[in-house]
Amino acid sequence: QGRKMTITESNVARHELIGLGVRISSSADPSHKGAGGRVVDETRNTLVLIREGSKRAIRVPKEGSRFQFTLPDGRVSELEGKSLAFRPEDRVKRCR
């Protein structure tokens, strides 16, 4: 019987980010600051978001950005992008 781990502010970096709401609180690219939407894809170095009110995706570098993720329970967790700068499958293992 597998136990499903709840996403919390302290363990969000170890979970799947695709599907979570996100807002970019700071970014080296001024055009990304304040952008928000839903995470639809992730690579080692980027998050891909569909912006709120748009069908257009944007690719945001993790390095140099700070993200506010909205957790399923409605709480918000803020993370530095560099702490997420791993392939998604490796991040789950490394961020313990």
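Modeller: One term to begin with: buried means under 20% relative accessible area, exposed over 50%, partly exposed in between, with a 1.4 Å probe and protein chains only. Strands are DSSP runs of E, at least two residues, numbered from the N terminus. This is a predicted model: local features need pLDDT of at least 70, side-chain atom pairs pLDDT 80 or more, and totals for chains, interfaces and linings use all residues. Residues count from 1 along each chain as its sequence is written, and side-chain values use heavy atoms, without hydrogens and water.

Biologist: Which side chains of β4 are buried?

Modeller: Ile58 and Val60, on one face of β4 (residues 57-61).

Biologist: How many bridges pair β3 and β4?

Modeller: Five, in the antiparallel sense. Pairing needs at least two DSSP bridges between strands. Leu49 has Ile58 in β4 as its bridge partner. The two strands, β3 and β4, form a hairpin with five residues between them. Gly53 in that turn has a positive phi of about 75°.

Biologist: What is the strand order in the open sheet?

Modeller: β4-β3-β2-β1-β5-β6, six strands with antiparallel pairing. β4 and β6 (76-80) are the edge strands, each pairing on one side only.

Biologist: New topic. Glu42: why does it count as buried?

Modeller: Because its relative accessibility is 7%. Glu42 lies in β2 (residues 36-42).

Biologist: Which side chain does Glu42 join by a polar contact?

Modeller: That of Lys62, at 2.8 Å. A polar contact is an N or O pair within 3.5 Å; within protein, one must be able to donate a hydrogen and the other to accept it, and residues adjacent in sequence count only if both atoms are side-chain atoms.

Note on methods
Helices (H or I, at least four residues) and strands (E, at least two) are DSSP runs, numbered from the N terminus.
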